[in-house]
Amino acid sequence: MKNTIRFPRAARTLRAALFFLAAALAPAAAGALPFWLHLPEQASTYAPQVDRLFHVIMWITGVTFVIVEAMLLFFLWRYRHREGRVATYTHGNNRLEVVWTIIPAVICVMLALLSRRIWEDIKENMPHDAMEVQVTGEQFAWNFRYPGPDGKFNTPDDILTLNQLHFPVGKPVVVTLTSKDVIHSFFLPEFRVKQDAVPGMHTRIWFEGNKVGHWEIACAELCGLGHFRMKGFVSVDTQADYEKWLAEQAAEQTQAEAPAPAGKPAAVPAAADKPGAAPEKGGNS
Amino acid sequence: MSTVAKPREEAHHAGVHAAPTSFWRKYVFSLDHKVIGIQYLIYALSMLVLGGLLATLVRYQLAWPGRPLAFMGKLAPEGMPGGQMLPEYYNSLFTMHATIMIFFAIMPILIGAFGNFVVPIQIGARDMAFPKLNMASFWVAVPAAVLIIWSFFVTGGAAAGGWTSYAPLSAIQPRGQTLWLISLLILGLSSLLTAVNFLTTIINLRAPGMTFFRMPLTTWALFITALLLLLALPVLSAALIMLLFDRVLGTTFFLPAGLVVSGQVWPNAGGGQVLLWQHLFWFFGHPEVYIMILPAMGITSEILPVFSRKPIFGYRAMAYSMCGIAGLGFIVWGHHMFQSGMNPILGTTFMISTMVIAVPSAIKTFNWLGTLWGGDIRFTTPMLNALSFVSMFVIGGLSGIFMASTPVDIFIHDTYFIVGHIHYVLFGGSLFGAFAGLYYWYPKMFGRMMNETWGKVHWAITFVTFNLVFFPMHFLGMRGMPRRIYDYSQYSHLKGLQPMNQFMTLSLFVLGAGQVILVLNFFLSMRRGRLAGPNPWHANTLEWQTSSPPPHENFVGRIPTVYRGPYEYSAPGHGSDYWPQSEPPGPAAAKAHA
């Protein structure tokens, strides 16, 4: 085609724009950005992988954004109406169409392949040496079931807790999720963990804490009027602290079972099943 | 010319009916597609105001959680006793905001209003193929709106399960949910009738010479949209009926065994599949996203060439990419369900198809840039809104890549990042497209121009404040703020976000106030606007080759014959910088026909 775009000029503008973008984003490396421009703290082993992918996409889309909007603004300024201006008569350019079909397609497929690997690690391949916890969502609380000393679920020595999830640092945890009533979503922001708890389904996910600390569990799927306060607590302990906590829970539970204390209303009204209550109804059992 | 098809006057009789004389037949139960289009316009704009007011209440709660609003204590004593919002009322508000905006505002304005008004004239038809069906479509949509508004006043309030109404929550909700289901079923029927009508009209009633590849891109977009509606809506209707049966007839399509609600075994449960609802809903829901964006893409593709005085860049690429979107749109629904418990391997397939569907949208964006390149650009109000569509749609499209990536979606799914994304597509995209269409076709609808200065003021306020309200949503999402949450101050990791939420809400107040300018401009211009004349924008398509507003049956005398494509602007050797589709070739003939 005779009407070649005046690339040198556009390219110079673009280079300048990219330079300014880089200069503006440089403080990110120094951690000088306000807190709301950061992803939350990384508390699981795969959180850095997820975040790296997030940042790769942010850079790709960010650069695309700047290029496209800069071209748009440049064209609007360069080709604005002035007396005597005549628009270029062209119906397009097939070579360009091919180029701008292939480039985004290649980038998108690359991103898909990159994502596929991480997704597989997080959601498909369960670790073998993991400790297991069962999580049951209900309006509006999280029930946790540990297998207890015998290592088996649904036996009398199971340890049940309400809204309290503890596990040791550096050990993978496999969680089996389900729900009693409606869909809830088990969201640990700092762990980059989110998985719906679906009634009638038992979904397995895993994660591994990489540091000791206390965080919160949020419900991320609308589950009714108390959705906003369906909050749990997660603690990643040292192995010793974890064992101590587990022993405390077990002791509390046997104590609670023996005298059957009356006049102790449940802290959360909707959560009828305090530790020691009958095992939850299984799907078909 | 050999491409001039055989005379099709015969076919045009299908849409012909006598001009009405009584007030009722002329303005209320009209068969005229132009009147029906304007009826849809009023309907959609009213619902847009209602949806906007609901959003304002949602944002008020997010900015100042729990702070009373005295007048609402009187207006909605059950939902906001003493002016203080209850969580269930908050859930109703965002559910109804989304439902109203999607089904009762965006779809009717793009398809019902612009589709109805513009398509028959653009293809050179005297009316829609089935005028009575067309009237029925509109009058079926009215009770749907009445029902959805009525649902606010029933016991337990309006539906509060989100616009996606995920089962089993939607199965155990109060009565408002039943009205929601019935209302959408009725509205779905209306849209289905419209889709059949559009397809028949576009296939059969094109003027002589109006081949498919001479159709304006607005018509192309509505053609594809109608196809999507026809194929996707029955699936939604089936799902709605199943959920309705679960609620009122005791079936258990979506209710698995052993459901225990508030400590009590749910009476009818067993054998149902919870995820089935999501599969059915999103099988409709994803094409629905394109149903709402394609017409706006068409309008933008219509307006950019007119005000760049240049042919659209890559006409066929534009048409083919819309076909690509339509096809791929049906195999990406699973990307809404990556974290739902659906098999993660299936998640990967849906990720790949989703990444691929980004490509046709990219093609369209580059072609819009190509259209501007080398143009003679006029910054009219329709053009400013169409350009806003392009620049904002880019943001909405790019942010979609984050959630297309399955691992990144783990974190941002169901957070405000998603809310930011959909508003960049639906407000930044669809609504700016609708504004562009409104300013562009207003002179054709009412015979008078809207005020340009106030139009630009309205555009500037909307464009700036839109970004101030919605861009920060991405930051909220990056901090892990879940959507649909009544009081985020419950969570320690979200506590610092209140100032940002307040800033967004204050920006929304300005955004909302700015729309008063549009309302005033809309109504005052009907009487006071400058007379438009048939072709105020010097455009080529057929709707500008007849009077404003067009007469009954659109064209005086014979249906025009079409000689060329719709975007022949600044053609070398032609006298003026536009060349109407119906102008016979050769300078002598042109004069004679004018």
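Among the contacts in chain A that link residues at least 6 apart in sequence, 67% join residues at least 24 apart; here two residues are in contact if their C-beta atoms, placed from the backbone, lie within 7 Å. This is a predicted model, and local features need pLDDT of at least 70, side-chain atom pairs count only at pLDDT 80 or more, while totals for chains, interfaces and linings use all residues. Residues are numbered from 1 along each chain as its sequence is written, with chains lettered from A and ligands numbered from 1 in the order in which they are written.

Chain A has five helices and ten strands. Both kinds of element are DSSP runs numbered from the N terminus, helices being H or I with at least four residues and strands being E with at least two. The chain splits into domain 1 (7-81 + 92-124) and domain 2 (131-257), with bounds that come from an automatic or database domain assignment. Where the two domains of chain A meet, ten residues of domain 1 are in contact with 14 residues of domain 2. The domain 1 side of that meeting has five nonpolar, three polar and two charged residues. In this sorting, Ala, Val, Leu, Ile, Met, Phe, Trp, Tyr, Cys and Pro count as nonpolar, Asp, Glu, Lys and Arg as charged, and the others, Gly among them, as polar.

Now for the strands of chain A. Five of them make an open sheet with mixed pairing, in the order E3-E2-E1-E5-E8; two strands pair if DSSP finds at least two bridges between them. At the edges sit strand E3 (159-162) and strand E8 (203-208), each pairing on one side only. From one strand to the next, the twist averages 25 degrees. Within chain A, strand E1 (residues 131-138) and strand E2 (residues 141-146) run antiparallel and are joined by five bridges, and Glu138(A) stands opposite Ala141(A) in E2(A). Helix H5 (residues 239-257) of chain A lies across E2 and E3, at about 95 degrees to E3(A). For such angles, axes are lines fitted to C-alpha atoms, for helices over the stretch in contact, and values run from 0 to 180 degrees between N-to-C directions.

Another set of pairings in chain A involves strand E9 (residues 213-219). Strand E6 (residues 184-188) pairs with E9 in the antiparallel sense over two bridges, and Phe186(A) stands opposite Cys219(A) in E9(A). E9(A) is also joined by five bridges to strand E10 (residues 232-237), again antiparallel, with Ile217(A) opposite Gly232(A) in E10(A).

As for how the chains meet, 86 residues of chain B are in contact with 82 residues of chain A. H12(B) gives the largest share of the chain B side, 17 residues. By class, that side divides into 50 nonpolar, 27 polar and nine charged residues.

One residue of chain B gets a closer look: Leu508(B), found in helix H18 (residues 498-528). Leu508(B) counts as buried because it has 23 C-beta neighbours inside 10 Å. Setting aside neighbours within four places in sequence, Leu508(B) is in contact with Thr56(B), Arg59(B) and Val469(B). Val260(B), by contrast, is 248 residues from Leu508(B) in sequence and 41 Å away in space, C-alpha to C-alpha.

Notes: A residue is buried if 20 or more other C-beta atoms lie within 10 Å of its own, exposed if 12 or fewer, and partly exposed in between; C-beta atoms are placed from the backbone.
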